[in-house]
Amino acid sequence: MKNKIKSIASIIIMLALVVGCFASLLQTTNAAENKYTASYGDVYSVHFGNRDEPVVRFELQNDQGDPIGYAYSITTEIHPYNGATYKPAPVTDYFKTDQAQQVMAAITYITNNYAWMETTDFAGYQQIIQPTIWKIIHGIEVTAIKNTNEKQIIDILNSIQDNIDNILKEYNTGVTLQGTKGTGISSAGYTDYGPFQVSTTILGKVDYKLAFTSTSKNATFVDTTGNTIHQVKPGEQFYVRVTNDITGDIEFNVSLATTQSINYVYDLNCFVDTKDGITHPPLVQPLFEPLTNRGNKNQEFAYSANHSFTITPTTQTEKITITAINWNNGQTNNKDGANGGGINQLTVKNIILKNNKNYVTPTNFEATITKTPSKNDNTAIYTVVERTVTNNGAYTKVYDTKIALFENNVWKVYSGSIPLNNPGGNDKNLKIDLTRIA
């Protein structure tokens, strides 16, 4: 293994590294007298232009010989060496502002989407990270990889390079929710609004919890097959299912189910060999270290997103039809379950409402529909107010009628008038529509 190489592989801080060491490094790197020893192990290779370029990963150690992090090469064609002593340097000397943001976004993306390669193909993992950094800083495009997984690695590199603008956007904006309620897909008793989906892929295919942030006891989340769900992954479409009696605002939230395996690069440290001044070009390879935290108090990534939509009352009036009306010539009795206020019996939605079971007085009707029925309470009630009108000199009995049906955990109230001009008779063939009012 050669003691000198031209460039160093870039990588993110491993999950096993204790977050506290990064905080310690941040404190120490502000002091100019702090120095760090850099060393590297195996050397890998990528090809661009007309040459092979070696890549490695450096380990940084403090004065006591304790590992404090990993560092990676900034440039090409400059020789680092094992045991070199480094000191802090301004990031702005080696990264333009837009480049630093892109580097942090790219490493965040690579860490969370391809960290599995660190154990299955460590060389390939380095061969993804380092060329990505060189592409951002120097515009270098790798054309070949010395690796049995060459095709897969090249495809990953191309994908990152083609989507760096979107990766940077997600890095800056965090998790977002895409989709609108649409017109809704209605079925028996409910409507599915959406589809919606979590948009960010920068953190990988992690699970996001779904939760309603408003009072939505009659709303659930469902997948594209209609199954109730409580979490989704980025890109998976889901719907909000709401019972048809609900109107108003529906508010919900997505948030990470866990942050234990999430890496977010929030800053960069730069180092130059102590033999070098802050001049360009440096004599020895300058290094940079991505600083990563995993959901601690300094976390900058937005791990959640909120969304809301409004369900407006349908423009189509909901109606029910009452039939099989039986009346008793207006012999009323102001008592629940008496003679029905003049209406003995009627049928609606195949439910027979009887005077001695379902009738309540107007006052008690209004009180009843404000409460949830108990186990043995009626879930279908009616009330009437009788009045007499003249029609071309003849008298007609009119019954202003209200019917309430408890369906899908709410009272549905319908209102209308029943004119009866056959005193003392049964008008079983009469059909009257009532309009929903609540």
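Phe-221 is buried in this predicted model, with a relative accessible area of 4%. Its ring lies 4.1 Å, centre to centre, from that of Phe-212, and the planes meet at 10°, so the two rings are stacked.

**Aromatic pairs**

Phe-212 and Phe-221 belong to a cluster in which ring pairs also link Tyr-193, Phe-196, Phe-238, Phe-252 and Phe-309. The count of aromatic pairs comes to 20. One of them is formed by Phe-196 and Phe-309, which are stacked with 5.9 Å between the ring centres and 20° between the planes. This pair links distant parts of the chain: Phe-196 lies in strand E10 (residues 190–198) and Phe-309 in strand E18 (residues 304–311), 113 residues apart. Phe-196 and Phe-309 are both buried.

| Pair | Distance between ring centres | Angle between planes |
|---|---|---|
| Phe-212 and Phe-221 | 4.1 Å | 10° |
| Phe-196 and Phe-309 | 5.9 Å | 20° |

An aromatic ring also takes part in another kind of arrangement. Arg-57 lies over the face of Tyr-70, at 3.9 Å from the ring centre.

**The sheet that contains E18**

Strand E18, which holds Phe-309, is part of an open sheet of 4 strands. The order of the strands is E13-E11-E15-E18, and their pairing is antiparallel. E18 is an edge strand, as is strand E13 (231–232), and each of these pairs on one side only. Strand E15 (residues 248–256) runs antiparallel to E18 and is joined to it by 8 bridges. Within this sheet, Ile-250 stands opposite Phe-309 in E18.

Strands of a sheet pair through backbone hydrogen bonds, in either a parallel or an antiparallel manner. A further open sheet consists of 3 strands in the order E3-E2-E7, and the pairing is antiparallel. Strand E3 (51–55) and strand E7 (144–145) stand at the edges with a single partner strand each, so one side of each has no neighbour in the sheet. Strand E2 (residues 44–48) and E3 run antiparallel and are joined by 5 bridges. Ser-45 stands opposite Pro-54 in E3. Helix H4 (residues 122–138) packs on this sheet and touches E2, E3 and E7. The direction of H4 makes about 40° with that of E2.

**A residue in strand E19**

Ala-324 lies in strand E19 (residues 319–327). The relative accessible area of Ala-324 is 27%, so this residue is partly exposed. Ala-324 and Val-348 are separated by 24 residues in sequence and by 8.8 Å in space, taken from C-alpha to C-alpha.

**The chain as a whole**

The protein chain contains 8 helices and 26 strands. Of its 438 residues, 48% count as buried. Among the contacts between residues at least 6 apart in sequence, 68% join residues at least 24 apart. The chain exposes about 21200 Å², of which carbon and sulfur atoms supply 46%.

Conventions
Residues are numbered from 1 along each chain as its sequence is written. This is a predicted model: local features need pLDDT of at least 70, side-chain atom pairs count only at pLDDT 80 or more; totals for chains, interfaces and linings use all residues. Side-chain values use heavy atoms; hydrogens and water are left out. Rings of Phe, Tyr and Trp (its six-membered ring) pair if their centres lie within 6.5 Å; planes under 30 degrees apart count as stacked, over 60 as edge-to-face and the rest as tilted. Helices (H or I, at least four residues) and strands (E, at least two) are DSSP runs, numbered from the N terminus. Buried means under 20% relative accessible area, exposed over 50%, partly exposed in between (1.4 Å probe, protein chains only). A charge sits over a ring if NZ of Lys or CZ of Arg is within 6 Å of the ring centre and within 35 degrees of the ring normal. Two strands pair if DSSP finds at least two bridges between them. Contact means heavy atoms within 4.5 Å. Axes are lines fitted to C-alpha atoms, for helices over the stretch in contact, and angles run from 0 to 180 degrees between N-to-C directions. Accessible areas come from the Shrake-Rupley method with a 1.4 Å probe; for residues, only the protein chains shown count as cover.
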